[in-house]
Amino acid sequence: MMQTLEQIKTAIISDPENASFTSRGIKPLFSAPPIARINIVGQAPGLKAEQTRLYWNDKSGDRLREWLGVDRETFYHSDLFAVIPMDFYYPGKGKSGDLPPRKGFAEKWHPQILANLPNIELTILIGQYAQKYYLPHNTLNVTDTVKNYHEFLPHFLPLVHPSPRNQLWLKKNPWFEKDVIPILQQLIKEIL
C-alpha cells in the first residue's frame with residue numbers, strides 16, 4: 001500500500017539513521033507538492049538552508065532560479081517544483097565544501113515520495129550524486145554528462161551545481177550558459 005507524503009515524512013523523522021538530527025529538532029528538508037511538474041534533485045541542504053528551513057536559500061539557489069528563469073515566488077509558492085535532494089539533512093563540512101549525501105538515503109526514500117508525484121515531467125539532476133543515482137548506466141563525468149544533456153531528455157536534465165565555487169568551471173565551459181541554459185529555460189517555460 002502506498003504511503004501518503006505525511007506518513008513518509010513521519011517515517012523519515014523516526015528512522016534510527018536520522019536520530020542524531022531528530023534529537024536536535026531538525027526535520028527533513030524537501031518539498032513534494034502533489035501537483036509538482038518539475039523535480040529538482042541536488043546533493044543535500046546546505047547549512048543556511050537547514051538553519052532557515054528553506055531549501056536552496058543561498059547564493060546557489062539564487063543562481064539556480066536564474067538558470068531556471070523563475071522568481072522566488074514561483075519557485076517556492078507555485079507548488080509546481082518538487083525539491084527532493086539525495087539527502088534531506090545537512091551532512092556537515094568537509095575539507096573542500098560540504099560532505100557528500102549519505103549512501104543509501106535516496107534509495108530508501110525517493111521511490112516512496114515519487115510514487116506520490118504523478119505529474120513530474122522533468123527531473124533536474126544537479127551534480128554527480130544525483131546524476132549517478134538517476135542515470136546509473138551513464139559512465140560520463142559531470143562535465144560530459146551535462147554537455148550531452150540531450151541524451152537524457154525528455155525525463156532528465158543534468159546540470160552542474162550552481163554554487164559560487166563553480167565560477168571557474170563556468171568560465172572554462174562557456175557552452176553551458178550559451179547552449180544548455182536557454183534549453184533549460186525553454187523547457188521550464190513549456191512545462192509551467
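A: In this predicted model, tryptophan 169 and phenylalanine 176 are both buried. A residue counts as buried when its relative accessible area is under 20%. A pair of aromatic rings is described by the distance of the centres and the angle of the planes. The whole structure contains 14 aromatic pairs. In the pair formed by tryptophan 169 and phenylalanine 176, the ring centres lie 5.5 Å apart and the planes meet at 75°, so the arrangement is edge-to-face; planes over 60 degrees apart are classed in this way. Elsewhere, one aromatic cluster is made up of Phe21, Phe30, Phe88, Tyr89 and Phe105.

Leucine 68 is another buried residue, with a relative accessible area of 1%. This leucine belongs to helix H4, which covers residues 59-68. Apart from neighbours within four places in sequence, leucine 68 is in contact with Ile40, Phe75, Phe81, Ile124, Leu184, Gln185 and Ile188. Sequence and space can also be set side by side: leucine 68 and isoleucine 181 are separated by 113 residues in sequence, while their C-alpha atoms are 7.6 Å apart.

Helix H1 (residues 5-14) has Leu5, Ile8 and Ile12 among its buried residues. These three cover an arc of only 60° around the axis, and therefore lie on the same side of H1. An α-helix has 3.6 residues a turn, so residues three or four places apart point the same way. Helix H6 (105-114) is included in what covers the buried residues of H1. On the face of H1 turned away from the buried side, Glu6 and Ser14 are exposed.

Key:
Residues are numbered from 1 along each chain as its sequence is written. This is a predicted model: local features need pLDDT of at least 70, side-chain atom pairs count only at pLDDT 80 or more; totals for chains, interfaces and linings use all residues. Side-chain values use heavy atoms; hydrogens and water are left out. Rings of Phe, Tyr and Trp (its six-membered ring) pair if their centres lie within 6.5 Å; planes under 30 degrees apart count as stacked, over 60 as edge-to-face and the rest as tilted. Buried means under 20% relative accessible area, exposed over 50%, partly exposed in between (1.4 Å probe, protein chains only). Helices (H or I, at least four residues) and strands (E, at least two) are DSSP runs, numbered from the N terminus. Contact means heavy atoms within 4.5 Å. The arc is that of the directions from the helix axis to the C-beta atoms.
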